[in-house]
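Reader: I would like to learn how to read aromatic and charge-ring features in a structure. Could you take me through them one at a time?

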Amino acid sequence: MTTTTSPAASSLLVRLGIPPALAWGYIAVLLFMIGDGVESNYLAPYLSHNGFTLDIAATVIAFYGITVTLGSWLAGSLSTLIGPRKVMLLGGTIWIVFEILFLAFALPAQSFVGIALTYGVRGVAYPMFAYAFLVWIQSAAPTEMRGSATGWFWLAFTGGLPTLGSLVAIFSIRAIGEYGTFWLSLVLVVLGMAIMLLAVKERSGYSSLLDDQQRSQGTWRTLMGGIDILWREPRIAAAAVVRIINTTPYFGFFIFLPGFFTERIGFSQTEYLSLITIMGLVGMSFNPIVGKISDRIGWRKVLTFFGGLGSGIAMLLMYFVPQWSGGSFILSVICACLYGITLCGYVPAAALFSSLCATKDKGNAMAIYCFAAGLSTFFGPALYSGLNALFGTEGVIWCYALLYLISAVTSWCFLLSPLDPGEQNNPAARRLRKLDSVTSE
């Protein structure tokens with residue numbers, strides 16, 4: 001496999017906003033997340049049709065969300081401690097081992113405990129693989145390229161989970177059945193991991209991201225540094241709230257959208273998976289575009305108006321328009337695509353995280369970013385379960401919309417960064433830059 005790029009190819013990648021030395025890593029993440037995303041929109045119905053209730057399926061997925069949260073924190077903290085490449089290798093190995101146990105033993109035995117343990121423990125794996133690469137990007141990419149480089153990461157990530165993963169599921173289920181499709185996902189994950197190991201040679205990701213002073217603090221103090229930064233740097237805490245809200249509704253949708261569209265609206269399984277695939281394809285194509293725009297007009301502006309406010313409005317449309325239109329597939333797809341596009345407004349969050357604190361804390365800041373991303377995987381299904389019992393599905397939707405409004409207000413009021421390209425002429429940002437320089441000294 002060729003792992004170097006020609007000068008012409010490197011120049012094109014730079015213009016696109018992709019660090020040339022990391023280009024193969026994006027392909028690796030895409031394939032890995034396709035494998036991880038194959039099951040995302042049919043696992044809950046599969047379990048409910050094979051001896052388990054939908055509530056039990058939701059419990060399994062909620063536990064999975066807890067382990068994803070743990071894996072997300074480990075992705076950032078361990079990447080700082082031992083280097084992103086080793087964390088990606090560890091995450092991929094865990095995924096493969098526990099997927100084999102899940103498919104070969106737990107599912108055939110229809111064991112709730114076995115499924116919860118094997119599928120749950122596997123949850124630590126994908127964030128370790130994917131988010132460790134995101135830390136690698138923030139470490140290696142120039143500041144002026146971080147928004148677009150992050151946008152390409154989210155294209156690869158969401159391109160797999162759930163977009164192309166759902167597309168693979170549509171055709172694979174027809175050809176080899178639902179259980180066989182689970183095994184296909186394993187093959188795709190192995191392929192993504194192999195590309196990462198063989199083709200990504202950027203050297204900063206091979207070793208610890210700590211400086212000499214941080215190394216002297218010891219392993220445990222270094223790991224906990226990814227937690228106590230929340231009260232040492234209040235802006236990081238505010239950014240964490242925004243990142244949690246970002247995909248909390250998104251992951252909550254995986255629980256009830258399949259039933260909503262197939263049972264209430266009347267779509268077939270293929271139509272629903274097609275809608276999710278189209279939404280993801282359109283949405284993921286805007287990730288690098290929005291990232292590039294944010295590098296020009298400002299990370300905070302895009303995060304507030306396009307991400308927070310835009311996602312709240314689009315999410316309401318995606319739920320209500322299919323009902324008001326009598327189940328129109330075309331209008332449903334349009335509204336779903338609008339939601340997918342507005343979610344891209346959160347792309348600049350990673351760049352903001354790495355710019356809101358002193359240089360020595362950038363690794364810890366990214367650990368919190370990864371941790372917050374993982375928490376949303378848990379909060380989405382958990383909030384749905386709790387709120388649905390109190391307010392019903394429509395009430396859940398309005399609560400999700402309120403969360404997006406809170407995200408927009410928090411972004412605008414608290415996430416001012418002197419490194420934000422849109423704040424160069426902002427007097428408050430200049431004062432903050434002076435304060436940060438004094439603090440870092």
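Author: Let us begin with a cluster: Phe 260, Phe 261, Phe 267, Tyr 272, Tyr 319, Phe 320, Trp 324, Phe 329 and Trp 398 form one aromatic cluster. Rings of Phe, Tyr and Trp (its six-membered ring) pair if their centres lie within 6.5 Å, and planes under 30 degrees apart count as stacked, over 60 as edge-to-face and the rest as tilted. The model is predicted, so that local features need pLDDT of at least 70 and side-chain atom pairs count only at pLDDT 80 or more, while totals for chains, interfaces and linings use all residues. Residues are numbered from 1 along each chain as its sequence is written, and side-chain values use heavy atoms, with hydrogens and water left out.

Reader: How many aromatic pairs does a search of the whole structure find?

Author: The search finds 32 aromatic pairs. In one of them, Tyr 26 and Phe 133, the ring centres are 5.2 Å apart and the planes stand at 90°, so the pair is edge-to-face. This pair links distant parts of the chain, with Tyr 26 in helix α2 (residues 23-37) and Phe 133 in helix α7 (residues 125-140), 107 residues apart. Helices here are DSSP runs (H or I, at least four residues), numbered from the N terminus.

Reader: Are Tyr 26 and Phe 133 buried or exposed?

Author: Buried means under 20% relative accessible area, exposed over 50%, and partly exposed in between, with a 1.4 Å probe and protein chains only. By that rule, both Tyr 26 and Phe 133 are buried.

Reader: Why is the pair of Phe 32 and Trp 95 edge-to-face?

Author: The ring centres of Phe 32 and Trp 95 are 6.2 Å apart and their planes lie at 70°, so the pair is edge-to-face. Phe 32 belongs to helix α2 and Trp 95 to helix α5 (residues 84-109), so this pair ties together parts that are 63 residues apart in sequence. Phe 32 is buried, with a relative accessible area of 0%, and Trp 95 is buried with a value of 0%.

Reader: Which ring does the charged end of Arg 300 sit over?

Author: A charge sits over a ring if NZ of Lys or CZ of Arg is within 6 Å of the ring centre and within 35 degrees of the ring normal. The charged end of Arg 300 sits over the ring of Trp 412, 4.0 Å from its centre, and that of Arg 243 sits over the ring of Tyr 369, 5.3 Å from its centre.

Technical notes
Helix = DSSP H or I, 4+ residues; strand = E, 2+ residues; numbered from the N terminus.
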